[in-house]
Amino acid sequence: MAGRQDVNVDDSLAGMTTLSVHNEEQTAMLPVSVDGSKPSGRYVLVAGRAHEKDGLRQTTTTGVVKPGVTYRVAGWISLGAGAAWGTSHPVRVNLGVTTDDDENESLQVECGAVCAVAGGWTEIMGAFRLRTEPRSAAVYVHGAPAGVDIKVMDVRVFPVDHEARFRQLKDKTDKARKRDVILKLGRQTGAAASVRVVQLDNAFPFGSCINTSVIQKPAFLDFFTNHFDWAVFENELKWYHTEAQQGQLNYADADALLAFCDRLGKSVRGHCVFWSVDGDVQHWVKNLDKDQLRSAVQSRLEGLVSRYAGKFPHYDVNNEMLHGQFFRDRLGDDHVPAFMFKEVARLDPEPALFVNDFNVECGNDPNATPDKYAEQVAWLQSCGAVVRGIGLQGHVSNPIGEVICAALDRLATTGVPIWFTELDVSEPDVSLRAKDLEVVLREAYAHPAVEGVVFWGFMQGTMWRQDAWLVDADGTVNEAGQMFLNLQREWKTDVRGSADGDGNFMFRGFHGRYFVEVTTATGCRMLKTFTVEKGDSTTLMVDLGDA
């Protein structure tokens, strides 16, 4: 935090809360921040907390926080007395701001949350962006049950330099998404030949959700057809849509959308077989007793998965298990999620079976930390489930590149491929929305564990989240949409030159499908297509001697 760092207690909530400064004895064991910095080891102990909201208030220097700027909230949190060693509790970080319009009332802006652990330090990965200039601002650290001491280290607020991060990603992107290629034309053909190499499509897929209404819109259809490789049905495959009333099956909408995608040559994600959040389970299912529910689950599995065997390359098996466990609770069986995975695989062995959840990449949800998600995958695998995909929904606001990267790094340790499955970036200012979208897409594309990105829609008036569209209702591509198109162009290779004396032409290109045009010294013109596959560090040799 720039300037003086004042530490005060919010008197209105403090009660008997006391603050004291200490040094962490095991400094060598402190983890390194996602930005590479090392914690100082000096922390404030917040003790005597009589209420969950009791905590620490740290003021910012006047004039430091400006509107329209993305700020990172960083620091470290641990739990002290009152929490058994190894136990965890949510601790939240808010920004309290007052403006000229607020008079003396403080507006609380959520800007991060951690699952703090007794005996360890957890990094704060918060972010915020204000709409108006504040008269004053202070960071509040609170949460954990009353009676549990909180340790707070190195809390600071600073503006995010997205451009600097993008420069850091350049080499990482090159390593993850490009390969050296030698086109072997042969001495006779290649001598003095001119070569033009153009990438037709990138191997990294992008997709969008669709529904039966949006595909009737010509502007939507045009953008979807030209810029996306994959689709996912917004609601039409969900259980509450295909069987809103018990026994009354309706696959007509899903059949129509699948036929539509088949005509366009688009692959489709199967979303979703089940949904584990109580509020997204239809009433008739909730009214079943245990035996009836078990029978209904089996009928759903056999009805849906058998019907569409071989049609969906991906399935989200039991959606949002970090945020709900309806089937586990109602059936009284912790192994139900693994059973669902194994049954889908039995009925249709080909699809990659995914977990799928939200907030994991944001650093603001104690229920959905990357550690918890990775542990969920490991638990499913230990129960015999074959998990071949990790879905990050990507409903984000104020994204921070380093925070997203840290989540991806942790999930990558599972060895399971990652997809962004429902990406939308909500921000009223379309210029800021474009920059936020660029943050997410560059991080996803630069990370070798990420294998695709699917948007949760893109057109104004048709999206689940407000202020997230890329294309206006009249078909005009806005600044955010243009950013997406610019990145798609940036991630394609177009090179030209001359073959060397051995008839070889060397270049480094993005993975994907290409065509090459060779014009010999005699004016003979030859065309051929080839594919640059993702590979190791070896150079790809493409023999075009017989072109």
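## Overall architecture

Helices, meaning runs of at least four residues, and strands, meaning runs of at least two, are taken here from DSSP and numbered from the N terminus. In this predicted model, the chain contains 14 helices and 26 strands. Its radius of gyration is 27 Å, close to the 24 Å given by the globule rule for 547 residues, so the chain is as compact as a globular protein of that length.

Taken along the principal axes, the box filled by the C-alpha atoms is roughly 90 × 60 × 50 Å.

## The five-stranded sheet

An open sheet is formed by 5 strands, which follow the order S2-S3-S10-S5-S8 with antiparallel pairing. At its edges stand strand S2 (18-23) and strand S8 (122-128); each has a single partner strand, so one side of each is left without a neighbour in the sheet. On average, and with direction ignored, neighbouring strands of this sheet are turned by 30° against each other.

Within this sheet, strand S5 (residues 71-79) is paired with S10 in the antiparallel sense over 8 bridges. Tyrosine 71 has proline 159 in S10 as its bridge partner.

## The four-stranded sheet

Another open sheet consists of 4 strands in the order S22-S12-S24-S25, and here too the pairing is antiparallel. Strand S22 (494-498) and strand S25 (525-532) are the edge strands, each pairing on one side only. Neighbouring strands of this sheet are turned against each other by 20° on average, direction ignored.

Strand S12 (residues 194-202) runs antiparallel to S22, and 5 bridges join the two. One of the residues involved is serine 194, whose bridge partner in S22 is serine 498.

## Helix packing around H13

Helix H13 (residues 430-446) packs with helix H2 (residues 162-177): their axes come within 8 Å and cross at roughly 30°. Angles under 35 degrees count as roughly parallel, and H2 and H13 are therefore roughly parallel to each other. Their crossing is left-handed. On the H2 side, the residues in contact include His162, Phe166, Leu169 and Arg177, while those on the H13 side include Lys435, Val439, Arg442 and Tyr445. By class, the residues of the contact of H2 with H13 divide into 7 nonpolar, 2 polar and 8 charged.

H13 also packs with helix H12 (residues 401-412), at an angle of about 30° and with the axes 9 Å apart. The crossing of H12 and H13 is right-handed. Gly401, Glu402, Ile404, Cys405 and Leu408 of H12 meet Val439, Val440 and Glu443 of H13. The contact of H12 with H13 comprises 5 nonpolar, 1 polar and 2 charged residues.

## Local backbone features

Most residues other than glycine have a negative phi, and most peptide bonds are trans.

Alanine 144 is located in the loop that runs between strand S9 (136-143) and strand S10 (150-159). Strand S10 is also a member of the sheet ordered S2-S3-S10-S5-S8.

Cysteine 272 belongs to strand S15 (residues 267-275).

Definitions and conventions: Residues numbered from 1 in each chain as written. Predicted model: local features only at pLDDT ≥ 70, side-chain atom pairs only at ≥ 80, totals over all residues. Heavy atoms only, no water. Pairing = 2+ DSSP bridges. Axes fitted to C-alpha atoms, helices over the stretch in contact; angles between N-to-C directions. Parallel < 35°, antiparallel > 145°, perpendicular 65-115°, else oblique. Left-handed = near helix turned anticlockwise from the far one by under 90°. Contact = heavy atoms within 4.5 Å. Nonpolar A, V, L, I, M, F, W, Y, C, P; charged D, E, K, R; others polar. Rg over C-alpha atoms; globule rule 2.2 N^0.38 Å.
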